[in-house]
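Please look over the sequence and the structure below before reading the notes that follow.

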Amino acid sequence: MKKKIFNNYAKEIAESFCITEEELFSNSIKRKYTVPRHMLFLLCHERKMTSTDIAECMRENGSTALHAGIIKGINSINSIIGMDEDFDDTFNQIQKKCKN
C-alpha cells in the first residue's frame with residue numbers, strides 16, 4: 001500500500017517537473033532535483049508514511065536517502081509552501097491526482 005502511494009507520487013512529480021524518475025532518486029544536490037524530491041517526501045509524509053517508510057522506498061529506487069535528510073527535506077519544502085503560487089498549484093494538483 002505505502003509503496004503504491006510512493007510510486008504514484010514519484011511518477012507524477014517527475015512528470016510535473018520534467019525530470020526522469022532516475023533523476024528524482026539521484027543523490028544530486030541540484031535544486032532542479034532536490035525540490036521535487038523534497039516535495040515527494042512531504043506528500044508521502046502527509047499520507048502518514050514515516051521517514052523510515054520513505055527511506056525504504058527511496059533505497060528501493062537506488063537512492064541513499066536517510067531519515068535525517070528526509071526530515072530536513074520536509075522542513076525545507078514547508079518553507080516554500082505559501083510563498084510560491086506556482087509551486088503550490090503543482091503541489092495541490094499532484095496531491096489531488098494521487099489521492100484517488
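Is Glu15 buried, partly exposed or exposed? Glu15 counts as partly exposed, at 47% relative accessibility, where buried means under 20% relative accessible area, exposed means over 50% and partly exposed lies in between, with a 1.4 Å probe and protein chains only. This is a predicted model, in which local features need pLDDT of at least 70 and side-chain atom pairs count only at pLDDT 80 or more, while totals for chains, interfaces and linings use all residues. Residues are numbered from 1 along each chain as its sequence is written, and side-chain values use heavy atoms, with hydrogens and water left out.

- The structure holds 3 salt bridges, a salt bridge being a side-chain nitrogen of Lys or Arg within 4 Å of a carboxyl oxygen of Asp or Glu.
- Glu15 pairs with Lys11 in one of them, with the closest N and O atoms 3.3 Å apart.
- Because Glu15 and Lys11 are 4 residues apart in helix α1, about one helical turn separates them; helices are DSSP runs (H or I, at least four residues), numbered from the N terminus.
- Lys11 is partly exposed, at 41%.

- Lys3 forms a salt bridge with Glu60, their closest N and O atoms being 3.3 Å apart.
- This pair links distant parts of the chain, since Lys3 is in helix α1 (residues 2-16) and Glu60 in helix α4 (residues 51-60), 57 residues apart.
- Glu12 and Lys97 meet through their side chains in a salt bridge of 3.2 Å, N to O.
- Glu12 lies in helix α1 and Lys97 in helix α6 (residues 85-99), so this pair ties together parts 85 residues apart in sequence.

**Exposure of the partners**
- Glu12 is buried, with a relative accessible area of 11%, whereas Lys97 counts as exposed at 54%.

Notes
Helix = DSSP H or I, 4+ residues; strand = E, 2+ residues; numbered from the N terminus.
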